[in-house]
Amino acid sequence: MKDSVAEEHLYLAFSHQHRDSIFPLHTSISLFLLSYCDCKLFKVFLVPTGEDVGDQCVTKNLAGDLEIHLISRCQLPVVVQSCSLPAVVVKDDKFCRAGLSVVLRHIIQKTFEADPSKKDVLELLGFKKTCLKACAEVSQWTRLCEISIPLAVERFLTASPEHCQAIPPDILLLERKLGEPVRVHNDDKIRRQKLQQQKAGAQAAVPVLGKEATEESKPGEVHEHPPLSLELSVAFSKLLAQEAPDAINREAPHIRRTKTSDLPLLDHVFAEGLYFTVADLVLLPCIHQFLVSSKKQGKNLVNLPLISSWYRRVQEVPGVKKAAGKCNMELLQLPELMSAPEEQLQDSSSVPDELEEDNEDSHFIGGPRPTMTKLMENGIEAKFSPHPCPSWTLDWTSLPSAVSPGEGKMSRDRALRKQQQLNNLVAAVTKLAKPGDVIVDFCSGGGHVGIVLAYMMPSCQVVLIENKELSLIRAKDRSDELGLNNIWFIQANLDYFNGTFNIGVALHACGVATDMVIEHCLRARAAFVISPCCYGFIQNTVKFKYPRSRQFKEILSYKEHMILCRFADQTAVQLPPERRLIGKQCMGLVDLDRAWAAEERNYSVQVISMEPESCSPKNNMFVGIPT
């Protein structure tokens, strides 16, 4: 194990205790992961959400063998006060990680870095280490695990008896997700193995899994279980770092010749599919509380056979029962449930529409001309305001190399274009900013915008927000080289930043992220300077519906608006000039809709083309000011 690991502080919200959990459930989830990983790298603080919480309110049983400290909200580091909890910060540092998924992934990575023998902990991040990496606004799965299920269970536990008769819709959605076919890397091979197993009609016995199950076994003794599916064999073989049995690995010739479309689908073993991940550790404390409460109320779980099976299966994973014991979670022993007859199951229509994936076809046929004509007939065309300072430029040759975007290891041509883009944003922010302002660089990436602003405006506080850890670390390295002391770094999804600020900035915020940044600025009554990007990725989400403005909604359908978005991405330099012109007009229309939506909330917004326009195919820029 590595010895020199910088102490990090983990801050968890604390509202109350309920049976064997600390609430909010995000806190119980974080403590459970620490116990599962046997991680002692963090100094853990509980931050009471109320005023009258004393030391006696936290029993040490609920925190396992961790030392827990209480701290008030006003005692938090200033950068943490701008974030929703949980949050992690290196002591006396300005780099904060906030939000459940980001914090859990960080705990896993730090545990493995400190002890590389804990490969099973690193495996919690899943294939390509992407488990729960996508933000909740664009990933229904992250939203379900990180936000919807914990909130649904908390509401279920606090509801009066007459209001908690029905199973929460989000729990039903999880049940349905567990019944969907699994898609995993290399699943073609596993599906062929499953076909061979089905044709063979026999399955080998597998040993009981987990340390807890084997402690009472004699050496070499094999316990016979009911025949397990191939999915279970593959999943638990990976958990025990074993190879799958040879009989499974060999494929008969007729199996290899079978078309992929004729292969059987794979069933869920764990939450994300075949393999045990951090998603299971997020869901377990939540589902446990729901099941305990349901049992006390005498509820029949016949509608949840898949969740019940998953709950039993997770208990067999090595280390889960031990972690539950540390956290004083008395896991239930549920009976095997058979799927209920169709007429007894709650109708799937009980899952509200907002919990469903947006199934509207996004593959549109046809060009944008009919939609553009429809808007023109109603007096709507793309409008661009004159650039307020088209020739303004930073003197890049006089600036330290760490300020230049070329420091981000990009080509000379691309670095020049990036400098031109920054000229536009910095010029606009300079006209808006005054000493003491807080400027937030949303979707900051490697910090190209934020570092320039922090260097050029030492009297302003600059905050960089980015959910990609490596990009933000590169930005911090550049900041450290420059010795900047007016800059903070927050690794988080946008929703977990709740600080006050005066100006919001974003360079090439992708798709819906542009609308998320605008919304943050509108709520804070902050000015904004934003350059959108990736119009083709725009689509309806839980929080954002398109078109955005009243005028566009009265004329265009969602499908017609999406046509504009798709063609707004057709501005690459290698395309024919006429096609690029149409793409620019579509960009202008999509951004006009966004500008008008902001103006409906008492803002003055200009849509400007950056100078020179060749600095980027995505060269639109908003400048919005509250009126």
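**Entry 1: the model.** I am working from a predicted model.

**Entry 2: helix α3.** I looked up residues 100-114, the 15 residues of α3. At 1.5 Å a residue, the helix should span 21 Å. I found its end C-alpha atoms 21 Å apart, which agrees. Next I checked cover. Twelve of the 15 residues are buried. Among them are L100, V103, R105, H106 and K110.

**Entry 3: strand β10.** Is this strand, residues 487-491, mostly covered or mostly open? I found it mostly covered, with five of its five residues buried. In a regular strand, side chains alternate between the two faces of the sheet.

Then I traced the neighbours. Strand β7 (residues 95-98) runs parallel to β10, joined by three bridges. R97 has Q491 as its bridge partner. β9 also runs parallel to β10, and five bridges join the two. There I465 stands opposite I490.

**Entry 4: the second largest pocket.** I noted a volume of about 1100 Å³. The lining has 38 residues, and C443, E466, K468, H508 and C510 lie nearest the centre. Which element gives the most to this lining? It is β11, with four residues. Others that supply at least two include α16 (412-432) and β9 (461-466). By class I listed 16 nonpolar, twelve polar and ten charged residues.

Where does the pocket lie? Domain 1 (8-179 + 274-327) and domain 2 (368-626) both give residues to its lining, so it lies between them.

Methods:
Residues numbered from 1 in each chain as written. Predicted model: local features only at pLDDT ≥ 70, side-chain atom pairs only at ≥ 80, totals over all residues. Heavy atoms only, no water. Expected span 1.5 Å × (residues − 1). Buried < 20%, exposed > 50% of the residue type's maximum accessible area, 1.4 Å probe, protein only. 1 Å grid on protein atoms, 1.4 Å probe; cavity = no way out; pocket = protein on both sides within 12 Å on 5 of 7 lines; lining within 4 Å. Points joined across faces, edges and corners; volume = space filled by probe spheres on them. Nonpolar A, V, L, I, M, F, W, Y, C, P; charged D, E, K, R; others polar. Domains from an automatic or database assignment. Pairing = 2+ DSSP bridges.
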